[in-house]
Structures are given as structure tokens and as C-alpha cells.
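Colleague: I'd like to learn how to read a model like this one, feature by feature. Could you walk me through it?

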Amino acid sequence: MRRSVALAAAVLAAGLLLVSPAAPAAPGMLVGIYDEPETLYGSPEVSFPLLRALRVQVLRLNLYWGGRFGVAKRRPFNGADPNDPAYDWDAYDRTLRYAERFGIKVVLTIFGTPAWANGGKGLNRAPSSFEELRKFAFAAATRYSGTWTDDAGNPLPRVLYWTAWNEPNNPVFLSPQYRRQGTRWVVQSAIDYAKICRAVYQGVHATLVADEKVACGVTAPRGNNNPTSSRPSVAPIAFLRAAWKAGLRRFDAYAHHPYYTYPQETPTTRPRGTLKPEQAAITMATIDLLADELRRLYGPTRIWITEYGYQTNPPDPFFGVSWQKQAEYLRQAFAIARRHPQIDMMLWFLLRDEPRLSGWQSGLMTAAG
């Protein structure tokens with residue numbers, strides 16, 4: 001294992017000459033990685049030295065409320081108590097301690113409804129009671145407030161960056177996207193998400209920990225705005241407007257995932273055709289459409305890019321670009337973000353390619369290392 005780790009570190013160090021910008025990130029803009037298989041339930045003793053070699057400042061993790069990796073294995077007696085016996089924080093305690101040891105900040109994305117909280121409808125369905133979600137957010141933010149200790153009396157790390165859910169305008173992560181109301185369709189995902197964001201925001205900030213920030217949105221780059229399609233989804237600005245109408249008012253930043261649509265697109269390629277903002281894909285080339293809409297609705301708003309990446313060919317012949325193109329596009333995209341006056345954070349997805357071709361191949365390493 002030591003040989004493979006040393007080799008991977010050497011490859012990454014050489015890769016830094018290709019992918020790292022010549023100038024440091026602008027003041028206030030944090031750069032990092034989102035890769036759970038390599039950190040949360042993988043081998044952190046291998047991945048964290050590589051993250052440090054890449055000069056990663058921030059690591060994003062989903063904090064699963066329910067599901068296989070969920071903290072809430074059953075309904076807690078007191079959901080606001082981090083020590084409730086229904087909660088299992090072990091995987092997160094371990095990963096956060098590695099991050100602290102290597103000087104890496106963490107963004108925790110609260111996501112996934114437990115079966116007991118929505119009648120067994122699935123992780124991507126809103127809870128029956130948003131108060132239960134608020135209590136969980138409070139328990140998580142309390143445990144990782146920097147003032148809490150584990151059962152052995154050891155202090156736990158502090159987490160200052162939080163996001164509410166993941167890609168709520170995508171039915172994979174929040175369903176249903178639309179609901180028929182009489183003769184018209186309403187954006188049900190935005191209605192539910194306004195309540196999700198409020199619950200997470202209130203739960204985290206109820207700890208009164210200084211400098212905590214909660215980002216809402218966390219939106220996917222595109223949507224079809226078609227409630228009768230086989231896979232309804234909502235375009236980012238249409239979703240933002242619907243969420244505002246549904247009462248989404250308070251957050252510290254707005255998170256977004258400005259992925260490309262076609263492998264022929266560079267970070268500066270605008271989407272095809274002339275589209276109204278509510279129909280447009282929000283990529284790096286059109287991020288100002290989102291920034292302008294946020295200013296219109298909320299005034300000056302900070303933006304976090306919590307996922308971004310280009311897949312490579314090899315191994316993906318359909319959506320991948322060459323390794324050289326990936327390096328070029330990484331440089332271009334991060335340069336765009338650094339120049340943008342509202343962007344405070346940009347995270348690349350992934351560290352290592354997923355091993356199955358049906359997964360995502362945007363890693364800075366191949367699946368084989």
C-alpha cells in the first residue's frame with residue numbers, strides 16, 4: 001500500500017504542474033474537492049495525504065440523515081440531542097478528525113429523509129414534519145460546533161459550512177418535482193425545498209456558533225420545466241423563482257453545480273439557442289444569469305460552487321474530454337470563479353474516477369490510481 005500511495009502522490013504532484021493555477025485563489029475564495037467514496041466510507045488514510053498534496057482547502061460531504069449511511073438509524077426520542085441513542089455519528093467523527101488533522105475545512109450537506117420521517121417514501125421525499133429536520137440540523141451543528149466531545153471525552157472538530165439538501169430541482173434528489181393543482185401545475189419541489197432550507201438554516205443557526213454559514217439552492221445546472229415529461233425537472237432560475245414565491249427568504253449563500261451539457265462545451269461556451277433565463281442551463285458561461293437573479297430577489301448574494309467537473313476519455317467515450325482538455329478546462333473554470341465578485345467557494349468532483357463506467361469519470365486520478 002505504501003508504494004501505491006507514494007506513486008499516487010507523485011502522479012498528483014506532477015499533475016499539479018498541469019492543473020494548479022499559477023496565481024493563488026482570490027481572497028475569500030476557497031477551493032476543494034467533493035469525493036465521498038475516497039473520504040467518508042473509503043480509505044481516509046490514503047486519500048487525505050493526496051488531498052493535502054493537492055492543496056485542498058475544503059472537502060464536501062453529504063451528511064445523510066437517513067438511508068444506508070444515515071445518522072438517524074431509527075426515530076430518536078429527542079432529535080435535537082446529539083447523544084440520542086438513535087444517532088450513529090461514527091463515520092463522520094472519523095472523517096472530520098482526518099480533515100482537521102490535515103488542515104482541511106469541511107462542508108456538510110444535510111440530505112436524505114429517513115424512512116421513519118416520511119412513511120418509507122424514500123430518501124428523495126420531503127419529511128412529513130420539517131420540525132424533525134430542524135432538530136437533526138441542530139443536533140449535527142451542535143455536535144460539530146467545536147464545543148462537543150465524544151463518549152470518551154475527546155473533542156470533536158468544528159464545522160462552519162453547511163448546505164441544505166442536494167440538487168432539489170432534480171427528481172433523483174427531491175420528488176415530486178411538480179404537482180397538479182386544479183388545472184395548473186405547481187413546482188412542488190420548490191415548495192418543499194423552501195421548507196427544507198428553512199429547517200436546516202434555523203437548526204444550524206440555533207446553535208449560536210459564530211461564523212457558521214448555511215447555503216441553500218445546491219441546484220443542478222439544468223431542467224426541462226415540463227411536468228408531463230417522463231422525467232420532470234426544473235431549470236435553476238425557474239426553481240429559484242418558485243422557491244422565492246414559496247417563502248425561501250433566508251440563507252447565507254446560494255450553492256449551484258454549473259456542469260457542462262455536452263463534451264464540446266468549454267467553460268466559456270454559452271448554451272445553444274436563445275433562451276429566457278428561466279429556461280437556461282446555468283453553467284460557468286452563464287453563471288451571471290444566476291447571480292443577477294439572486295441580486296434581483298435577495299440583493300447581493302454570495303455563491304458557492306459545490307460541484308463542478310469534466311469527465312475524461314479515457315475512460316468515458318461519450319461524455320469525456322481528453323486528459324489535457326480536462327486540465328485546461330479546470331484552469332479556465334477556476335479562473336472564471338476567481339474573477340467573479342460573488343463566488344466564495346469552488347469544489348471539484350471527484351478526486352478519483354468512479355470504477356464503473358456508468359458512474360462519473362471526472363476524477364483527477366483514474367480508478368486504478
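This is a predicted model: local features need pLDDT of at least 70, side-chain atom pairs count only at pLDDT 80 or more; totals for chains, interfaces and linings use all residues.

Colleague: What radius of gyration would a compact globule of 369 residues have, and what does the protein chain have?

Modeller: The rule puts such a globule near 21 Å, and the protein chain comes out at 20 Å, so the two agree. Along the principal axes, its C-alpha atoms fill a box of roughly 60 × 55 × 40 Å. There are nine helices and 10 strands, and 54% of the residues count as buried. If you look at contacts with a separation of 6 or more, 71% of them come from residues 24 or more positions apart.

Colleague: Which residues of H8 are buried?

Modeller: The general idea first: an α-helix has 3.6 residues a turn, so residues three or four places apart point the same way. In H8, the buried ones are Ile287, Leu290, Ala291, Glu293, Leu294 and Leu297. They cover an arc of only 165° around the axis, so they sit on the same side of H8.

Colleague: What covers them?

Modeller: The cover includes helix H7 (236-245), along with strands E8 (253-256) and E9 (303-305). Just after H8, by the way, Gly299 takes a positive phi of about 85°.

Colleague: Where do I find a positive phi in a residue other than glycine?

Modeller: Leu208 is one case, with phi near 60°. Leu208 belongs to the loop between helix H6 (188-205) and strand E7 (213-219). Asp211, in the loop between H6 and E7, is another non-glycine case, with a positive phi of about 75°.

Colleague: Are Leu208 and Asp211 buried or exposed?

Modeller: Exposed means over 50% relative accessible area. Leu208 has 76%, so Leu208 counts as exposed; Asp211 has 53%, so Asp211 is exposed too.

Colleague: Last one: which peptide bonds are cis, with omega near 10°?

Modeller: Check the bond from Asn313 to Pro314, and then the one from Pro314 to Pro315. Pro314 is in the loop between E9 and helix H9 (323-339), and Pro315 is in the loop between E9 and H9 as well.

Methods
Residues are numbered from 1 along each chain as its sequence is written. Side-chain values use heavy atoms; hydrogens and water are left out. Buried means under 20% relative accessible area, exposed over 50%, partly exposed in between (1.4 Å probe, protein chains only). Helices (H or I, at least four residues) and strands (E, at least two) are DSSP runs, numbered from the N terminus. The arc is that of the directions from the helix axis to the C-beta atoms. Contact means heavy atoms within 4.5 Å. The radius of gyration is taken over C-alpha atoms; the globule rule is 2.2 Å times the number of residues to the power 0.38.
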